[in-house]
Amino acid sequence: MNEEYKEDFPVNPNNFTDAGNVSEQIRLKLIEMKINPEIIRRVTMAVYECELNMIIHANGGLICAQIKDGSIEVEAADNGPGIEDIEQATTEGFTTISPDSDMVEKGIGKGMGFTKIKKCTDKFEIESEVGFGTTIRFGIRLS
């Protein structure tokens with residue numbers, strides 16, 4: 001499959017009203033391209049988790065999505081504080097949100113974001129530098 005799609009999406013910090021906009025735009029494009037609904041579900045879930053991380057933890061950022069070589073490749077680069085211990089941060093259940101935060105009442109802060117992304121994707125990598133932000137890259141085969 002030749003590259004058929006490439007788009008960049010800004011994610012605004014602390015804007016829960018816009019949460020899901022990026023994943024929805026990508027979902028609609030994949031539907032238009034007649035991609036398998038199960039693959040669309042996986043892509044949508046992974047992108048949505050990236051959006052939430054950027055909104056909650058990272059002062060926003062940019063999600064870039066493109067289709068090439070039969071896969072959708074996504075890069076989510078944030079403006080956050082970075083992650084000191086990536087292994088710990090990607091452990092199921094780990095969160096930096098305080099248990100008494102109002103986020104917990106909203107169902108946020110259960111430490112499942114990275115776990116969900118990993119489960120939905122065919123390849124997953126994360127780079128982070130404290131003080132400079134985090135970049136998540138993942139790919140999902142379209143067939």
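This is a predicted model: local features need pLDDT of at least 70, side-chain atom pairs count only at pLDDT 80 or more; totals for chains, interfaces and linings use all residues.
Local features need pLDDT of at least 70 and side-chain atom pairs count only at pLDDT 80 or more, while totals for chains, interfaces and linings use all residues. Residues are numbered from 1 along each chain as its sequence is written, and side-chain values use heavy atoms, with hydrogens and water left out.

**View 1. The largest nonpolar core has 32 residues.** Such a core is a set of buried Ala, Val, Leu, Ile, Met, Phe, Trp, Tyr and Cys residues joined through side-chain atoms within 4.5 Å, where buried means under 20% relative accessible area (1.4 Å probe, protein chains only). Residues with the most contacts inside this core include Ile 26, Val 47 and Phe 138. Helix H2 (37-57) is among the contributing elements, and H2 gives the largest share, eight residues. Helices (H or I, at least four residues) and strands (E, at least two) are DSSP runs, numbered from the N terminus.

**View 2. Here is Phe 138 with its surroundings.** Beyond its neighbours within four places in sequence, Phe 138 is in contact (heavy atoms within 4.5 Å) with residues including Ala 46, Cys 50, Ile 72 and Phe 124.

**View 3. Strand S3 pairs with both S2 and S5.** Two strands pair if DSSP finds at least two bridges between them. S2 and S3 run antiparallel over eight bridges, with Leu 62 facing its bridge partner Ala 77. In their hairpin, Asp 69 takes a positive phi near 50°. S3 and S5 are also antiparallel, over seven bridges, and Glu 75 has Arg 137 as its bridge partner. Six of the eight residues of S3 are buried.

How values were computed:
Buried means under 20% relative accessible area, exposed over 50%, partly exposed in between (1.4 Å probe, protein chains only).
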